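Please read the following points beside the model. They take up helix packing, sheets and the contact of the chains in turn.

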Amino acid sequence: MSASVHDAAPVAPPRLRWLKATISAFNANKTSWVGLVIVVAVILAAVLAPVIAPHDPLEQNILSRLQPPHENYYLGTDYFGRDILSRLLYGARISLVIGIASTVIAMLAGSLIGILAGWYGGRFDVVVMQAMDILLAFPSLILGLILVAMLGPSMENITIAIALTSIPSFARIARAPTISVKERDYIEAGRALAFSDARIMARHILPNIFPEILVMASLWLANAIRTEASLAFIGLGVKPPVATWGGMIREGFENILDSYWLVLAPSLAILIIVFALNILGDGLRDAIDPKLKGER
Amino acid sequence: MSAPVLSVQNLQTAFRIGGQWRWAVEDLSFDVAPGQTVAIVGESGSGKSVTALSIMRLVSAANGRIEGRIALEGRDLLALPEEEMRKVRGNDVAMIFQEPMTSLNPVLTVGFQIAEVLRYHRGLDRAAAEAEALRMLERVRIPSAKARFSNYPHQLSGGMRQRVMIATALACKPKLLIADEPTTALDVTIQAQILELIKTLQDEEGMSVLFITHDMGVVAEIADRVVVMWKGRKLEDAPSAQVFNSPVHGYTKALLAAVPRLGDMLGHGLPLRFPRIDPDNGEVRGQPVEAADTVKAGEAPLLEVSGLTTRFGIRGGVLGRLRGRVHAVEDVSFTLQRGETLALVGESGCGKSTTGRSILRLIEPSAGTVRFGGRDVTKLGKADLLDVRRSMQMIFQDPFASLNPRKSVGSALAEPILVHGLAKGTEAQERVADLLRRVGLAPEMGVRFPHEFSGGQRQRIAIARALALSPKLVVADEAVSALDVSVKAQVLNLMLDLQAEFGLAYLFISHDMAVVERVSHRVAVMYLGEIVELGPREAVFSDPQHPYTRKLLSAVPVPDPARRSLRRELAVDEIPSPIRTLDWSAPRQTLVETAPGHFVRQAL
């Protein structure tokens, strides 16, 4: 719904200024640009995998199995003679899709729970947050393992399992700022203007706490990708022969002593994307925090 | 006259903001003679606090620079190396700040903090320093100083903390005390005590005081000489009496005309508008006009509050059992007519804000009835409550907190209109434009965001938003307390205009007696959650009946040095707490009518 015409074009200048402020804050912490570039590159590689992959990731070539990297196979081949580079590119798709989908689900569900708990407070808050704390007490891998074992290792189930493990963190990160924003006069003014609770939460609280949730999401994306890889490594990932990074490490593990490259390439891939997401998240946090201070 | 203690010549202080140097203080010169009190007065952004920081050289070297000459007893402070300067701070020049809680370390006892200063600056050993610290606490008249010595800052009230700060500042017998808004955060009776204490200590120690404030009343109370600052420049520098009686500069005239003075209203039955003043040349355009009689006395009251009580439980212990209650509002009853302004006055913690919020049921009252237009608000279901609330709006103290920073002003004003389906599309836009015009802003400003407005403009926007639903009652909770004097006068004028135009009833919650006298028809004085006196404004101010009302009125600083109150005794009373045990029952008291419409609380 359109709040008013004032929300239209003329609003652009302040928004652009916000973007500029974010970019300049990003500039203050140069390493976050490195994170951003790597993340964008990985996403591009995953999207363009069918175009840039030199081989079919599932095509087995028994004659050229366990070959070390050379000009035909830049990263070598695995036990079945499949091209590791191609499998790596396709594996990025699985990692990113599961990672992003589970983080988005966790972000939506967790924020909703956190805002409701923070807004209503009292017994509802205590019960909900205690439940979240119990979930949080499980290491995410163990919880994911239990859930996948119960639901079965399909892509949807893995996504749901990983999302469930990170919901408590989002609920917490949404609840704390909700409680502080709730005390502000403009929220009280909204109540005096007879706005419904749902409206106040959606239109007045959410936009004010969203930056903090977004920063959390960028950090949790790395965690989700790591959890997915871990699940795949212990055999609860997307079923073979589909290429996943965790699965590639698992398969390569058997030959690690004489064919180290089987494990090295996917391990480095996980390391790089997790590292890049973490420094990107740190950069985002730095970019958003001072702005919030300046605005108050 | 002897040589000045402090001589500031051609002071220029600049800050680097976004790569550019901006002058915060330009070409400022003034002297402080021994034993003299000089007040620097100005509104926010006038550079008065920056001047204090420049004298202490507390402006960060990376982003600020100070030029000119600041001589303390002939020694140029700006030329001293940092090491020497550190000895000057605390030893020769001491400073106290507005917020004593943040200036004291919360994890150390107050005695330790004073003793630390003595050990560091005067090289006393531990025992001697502690004995001296105890003596200092007694000097600032802290009752049972020995017991207070080992208290932590949070265990003391705001006034007591400010006393501790003064003790710390005076520990090394400075030649100059810089006091930066030291009483702004305090209640008026506590403010009077602290001002009195500073004056007494000044006589005893023979030190000079540089007093920084925005409050002309405080200036008149304490200053020998006044420096008026505006946008970083000095406009006036003269003895107090001269500044107050025959100000030279237009801005000073405007500033003084905008100050509500207690006692100004004798002979005026109705609220009085502030004169319109041109801030550039200070010309007064037109005499102050009495507002029209807006009170609809013959009608049934718009709001009838009876026996309103709001208590909050205090839980403690492992099981979270109820330990006591805060009796925030106790048995409060009053009525309000259409077009009438009833002021609720009192000091912090007296329950005046809670009363306002309980009426709108933003806080659930524990007992009593609130009848608004014939309906009992306390018994309404959720849907009916939302319906009634549209006719009751609220304006808050902090204009920076009361607008959502992420919503443009236009959409913030349009939201209530759209949500309640009062208008749509272009009609809604027109209403928004009209609201902005009504509060004296241009409709084009709707596209801007709250942080692009000044404090006064934001308060206008908050008022416009409250008017969006055409309410009948507006609860103004300290609505002008955070505003500068001249802006305050404009906003009050606006509120009077709107009252005349829409027949609004105001519940005007304030701690500022002078403002209340200016704008209200009737006044209710609150103390510890109860109304102790309620009556027509003129009766309450000229003939206060309850001892607390008298005390409150005598504590208000009057902006006229000639009427500087005689030395009061050095009182150390604190405002008692409304926290009671579970079995506490209120002493049986009742409101007695001493004159028509004038009620005073008395024991039965």
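In which hand of crossing does α16(B) pass α17(B)? The crossing is right-handed; a crossing is called right-handed if the near helix is turned clockwise from the far one by less than a right angle, and left-handed if anticlockwise.

This is a predicted model, in which local features need pLDDT of at least 70 and side-chain atom pairs count only at pLDDT 80 or more, while totals for chains, interfaces and linings use all residues. Residues are numbered from 1 along each chain as its sequence is written, and chains are lettered from A and ligands numbered from 1 in the order in which they are written.

1. Helices α16 and α17 of chain B. Helix α16(B) covers residues 455-467 and helix α17(B) residues 485-502; helices (H or I, at least four residues) and strands (E, at least two) are DSSP runs numbered from the N terminus. Their axes come within 10 Å and cross at roughly 15°, which makes α16(B) roughly parallel to α17(B). Axes are lines fitted to C-alpha atoms, for helices over the stretch in contact, and angles run from 0 to 180 degrees between N-to-C directions. Angles under 35 degrees count as roughly parallel, over 145 as roughly antiparallel, 65 to 115 as roughly perpendicular and the rest as oblique.

2. Residues of that pair. From α16(B), B:G455, B:G456, B:Q459, B:R460, B:I463 and B:L467 meet B:V487, B:Q490, B:V491, B:L494 and B:L498 of α17(B). Contact here requires C-beta atoms, placed from the backbone, to lie within 7 Å. By class the residues of the contact of α16(B) with α17(B) are six nonpolar, four polar and one charged. Ala, Val, Leu, Ile, Met, Phe, Trp, Tyr, Cys and Pro count as nonpolar, Asp, Glu, Lys and Arg as charged, and the others, Gly among them, as polar.

3. A further partner of α17(B). Helix α11 (residues 250-258) of chain B has an axis that comes within 8 Å of that of α17(B), at a crossing angle of roughly 50°, and α11(B) is therefore oblique to α17(B). This crossing of α11(B) and α17(B) is left-handed. B:A254, B:L255 and B:A258 of α11(B) and B:V485, B:S486 and B:A489 of α17(B) make the contact, with five nonpolar, one polar and no charged residues.

4. Helix α4(A), residues 84-120, has 37 residues and spans 52 Å from first C-alpha to last, close to the 54 Å expected at 1.5 Å a residue; the expected span is 1.5 Å times one less than the number of residues. After α4(A) comes A:G121, with a positive phi near 60°. The axis of helix α2(A), residues 31-47, comes within 8 Å of that of α4(A) and crosses at roughly 110°, so the two helices are roughly perpendicular. The crossing of α2(A) past α4(A) is left-handed. A:V42, A:I43, A:A45 and A:A46 of α2(A) meet A:L89, A:A92, A:R93 and A:L96 of α4(A), which gives seven nonpolar, no polar and one charged residues.

5. The four-stranded sheet of chain B. This open sheet has the order β2-β1-β4-β5, with antiparallel pairing; two strands pair if DSSP finds at least two bridges between them. The edges are β2(B) (20-32) and β5(B) (75-76), each with a single partner strand, so one side of each lacks a neighbour in the sheet. Eight bridges join β1(B) (residues 6-17) and β4(B) (residues 64-72), and B:V8 has B:I70 of β4(B) as its bridge partner. Helix α1(B), residues 48-56, packs on the sheet, touching β1, β2 and β4 of chain B, and its direction makes about 75° with that of β2(B).

6. The open antiparallel sheet of five strands in chain B runs β17-β16-β13-β14-β23, with β17(B) (375-376) and β23(B) (579-581) as edge strands. Strands β13(B) and β16(B) run antiparallel over five bridges, and B:E304 has B:R371 as its bridge partner in β16(B). Strands β9(B) and β10(B) pair in the antiparallel sense over six bridges; their hairpin has two residues between the strands, and B:K231 there takes a positive phi near 50°.

7. Contact of the chains. Chain A contributes 23 residues and chain B 33 residues. On the side of chain A, α8(A) (185-192) and α9(A) (197-233) each supply at least two residues, and α8(A) gives the most, with six. That side of chain A has 12 nonpolar, four polar and seven charged residues.

Key: Contact = placed C-beta atoms within 7 Å.
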